[in-house]
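Welcome! Please look over the sequence and the 3D view below, and keep both at hand while you read this short briefing.

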Amino acid sequence: MTTPSASVEIYCVKCKAKTASKDIEAVTMKNGRPATRSTCTECGTKKFRIGVLP
């Protein structure tokens, strides 16, 4: 399930700042908690955030 919004900012560990995200995907972890997976638009690193984004 991909979210069309590309203006979401998630912290990027490599850039050390909140950056825009692309390829945003809502996922469910093994323990059943919701999470969000995306890719940094600046450096291309994969980003992961626990919880569903609004």
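A salt bridge is a side-chain nitrogen of Lys or Arg within 4 Å of a carboxyl oxygen of Asp or Glu. By that rule, a search of the whole structure turns up one salt bridge. Please bear in mind that this is a predicted model, in which local features need pLDDT of at least 70 and side-chain atom pairs count only at pLDDT 80 or more, while totals for chains, interfaces and linings use all residues. Residues are numbered from 1 along each chain as its sequence is written, and side-chain values use heavy atoms, with hydrogens and water left out.

**The chain as a whole**

- The protein chain has four strands and zero helices; both are DSSP runs numbered from the N terminus (helices are H or I with at least four residues, strands are E with at least two).
- Of the 54 residues in the protein chain, 26% are buried; buried means under 20% relative accessible area, exposed means over 50%, and partly exposed lies in between (1.4 Å probe, protein chains only).
- The accessible surface of the protein chain is about 4,000 Å², and 53% of that belongs to carbon and sulfur atoms. Such areas come from the Shrake-Rupley method with a 1.4 Å probe, and for residues only the protein chains shown count as cover.
- Among contacts in the protein chain with a separation of 6 or more, 23% are between residues 24 or more positions apart; a contact means heavy atoms within 4.5 Å.

**The salt bridge**

- Side chains of opposite charge can pair when their charged atoms come close.
- Here the partners are R37 and E25, with their closest N and O atoms 3.8 Å apart.
- R37 sits in strand β3 and E25 in strand β2, so the pair ties together parts that are twelve residues apart in sequence.
- R37 is partly exposed, at 37% relative accessible area, and E25 is also partly exposed, at 29%.

**T39, in a strand**

- T39 belongs to strand β3.
- Is T39 buried or exposed? T39 is buried, because its relative accessible area is 17%.
- Leaving out residues up to four places away in sequence, T39 touches A20, S21, K22, D23, G44, T45 and K47.

**N31, in a loop**

- Find N31 in the loop between β2 (17-28) and β3 (34-40).
- N31 counts as exposed because its relative accessibility is 56%.
- A polar atom of the N31 side chain lies 3.1 Å from the backbone nitrogen of R33.

Methods. Polar contact = N/O pair within 3.5 Å; in protein donor to acceptor, adjacent residues only side chain to side chain.
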